[in-house]
Amino acid sequence: MNTDNTSLKLEKKFKEAEDFLPLLGTDFVELYVGNAKQAAYYYQHAWGFQPVAYSGLETGRKESVSYVLQQGKIRLVLTSPLQPEGDINAHIDKHGDGVKFIALWVDDARKSYEETTKRGAKSYVEPYIMEDENGKAVISGIHTYGETIHLFVERNEYEGPFLPGYRVWNANVETKDVGLRYIDHMVGNVGWNEMNKWVDFYAKVMGFAQLVSFDDKDISTDYTALMSKVMSNGNGRIKFPINEPAEGKKKSQIEEYIDFYNGAGVQHIALATNNIVETVTALRDRGVEFLYVPETYYETVLDRVGEIDEDLAPLQELGILVDRDDEGYLLQIFTKPVLDRPTMFFEIIQRKGAQSFGKGNFKALFEAIEREQDLRGTLN
Ligand SMILES: [Fe+2]
C-alpha cells in the first residue's frame, strides 16, 4: 500500500463527507456507441484526444471492441458490440450512444464494493481480477441512476497502457490536443421526483457531501424549469450534480433528455481547461458545435460579474459565458448534443477561483437550449 501517496491525494475539503469510500479521481468514462471506430476518430480529430489503447478481435476479444483515448487526465473509452444481441446492443437500442460506466480510481476495489453494497448499493459486478503480462487490476461495480454504472478500479499493480487485455494503440496521424485537463464534474439527469433519491444515494451509499441546491426559482425561464443538487466526494475530485425536471409552461431540456435517452443518464461532462479561449477556438475550428449566446448577454455581463482578466470580444465571438461567486469567477460554454439523439453534451470550463457551477448563466443557457429544442420540435 502506498499510504503516503494516498493521504496526500485524499485531503478532505468537505467536512460533511464521510471517509469510508476514498476516491482518488475519475479513472475513465466509457460510452457504449454504435460504431466505436468512427466515434474514436471524432474524439481524436475534433476534440484532440490522443490514442492510448485498444482491445478487440486482434487481442482475442470476440464480443466487443474498445478504443481508449486520453487528454490531460481525461480518459475516454468507446465500446461497440461485434455480435448481435447482448447487453451492449440492448443499451444502444434503448439509449442511443451514451455513458455506461463512470469508473472511479480507488486503492481498494474490494473494500469500495463492500462499503457501498453494505450501505445499500445494488451490485453490478463483484470484485474480480484482470491480469496480463503488464500486471493486474481489480475491478468491482455498483449501479447508479438509470442503467449507469460506477466501477471501482484498483490499478496499483498494473503498468500497461490502460487495463489488462488492452494493447497500445498507435495512431497513424497525429492530432494536437486542445488543452483539456480533467473532468470538473459530470451531471446526471433523473426523472420526476427522483433527484432526492439519488442525492440520498450519493450521501448514504457513497459518503458524498451536498454542496449546493438549486430549485425551479433559480433555474427557470419563462417556459421551462429544472431542479438540481450538487454532490461531491470528500476531496472534491468527484462532483456529480443531479438534475430533475420541474413544471414549466413547456417541456424542459431534462424531459427532452429523458424522452430520448429513455430514462436517467449522464447529461453532460464538464471538462476543465486553463485557457478557454484557445480551447474553444480550436474545437470550433475542428467543427465542434456550441450553443449560441445572444449579443445582449454581453451588454450586461460585466455589470453582473465585475472585472475579468479576459477581453470581452473573444468571449462574445465564441459565446463563452462568465459567472462570479464569493471565491472568484469562472468561464464556461456548452456544446450542442454530440450524439444523434438530443441527449449528452459537453461543457468546457475554466475556473478562476470560483468553485460554483454558473448559476448566473442558467437563464441565458436555458434560453439558448430552448431555441435548439424549438428547432427540434421538442419544446411542446
Ligand atoms: Fe455543468
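This is a predicted model: local features need pLDDT of at least 70, side-chain atom pairs count only at pLDDT 80 or more; totals for chains, interfaces and linings use all residues.
**Entry: annotated spans.** I looked up the UniProt record, an unreviewed entry, and found "domain: VOC" listed for residues 25-155 and 182-336. For residues 182-336 I found 30% helix and 33% strand, with the end C-alpha atoms 20 Å apart. For residues 25-155 I noted 22% helix and 50% strand, and there the end C-alpha atoms lie 12 Å apart.

**Entry: confidence.** I checked how far the model can be read, and the protein chain averages a pLDDT of 93, with 97% of the residues scoring at least 70. Residues 1-5 stay under 50, and for them the model has 2 contacts beyond four places in sequence.

**Entry: domains.** I then turned to the division of the protein chain, which gives domain 1 (11-168) and domain 2 (180-376). Taken over C-alpha atoms, the centres of domain 1 and domain 2 are separated by 24 Å. I noted that 39 residues from domain 1 and 40 residues from domain 2 take part in the contact. On the side of domain 1 that touches domain 2, β1 (25-32), α3 (86-95) and β5 each supply at least two residues. Which of these elements gives the most to that side? I found that it is β5, with 4 residues.

**Entry: nonpolar core.** The largest nonpolar core that I found has 108 residues, and Leu78, Leu104, Val153 and Leu271 are those with the most contacts inside it. Strand β5 (residues 98-106) contributes the largest share of this core, 7 residues.

**Entry: helix α10.** I tested the length of helix α10 (residues 362-376): at 1.5 Å a residue its 15 residues should span 21 Å, and because its end C-alpha atoms are 21 Å apart, the two agree. Within α10 I found Leu365, Phe366, Ala368, Ile369, Glu370 and Gln373 buried, and the buried residues of α10 pack against α6 (253-261), β15 (321-325) and β16 (328-334). Following α10 comes glycine 377, for which I noted a positive phi near 75°.

How values were computed: Residues are numbered from 1 along each chain as its sequence is written. UniProt positions are given in the numbering used here, feature names are shortened, and annotations may be inferred rather than shown by experiment. A nonpolar core is a set of buried Ala, Val, Leu, Ile, Met, Phe, Trp, Tyr and Cys residues joined through C-beta atoms within 7 Å. A residue is buried if 20 or more other C-beta atoms lie within 10 Å of its own, exposed if 12 or fewer, and partly exposed in between; C-beta atoms are placed from the backbone. pLDDT is the predictor's confidence in each residue, from 0 to 100. Two residues are in contact if their C-beta atoms, placed from the backbone, lie within 7 Å. The expected span of a helix is 1.5 Å times one less than its number of residues. Domain bounds come from an automatic or database domain assignment.
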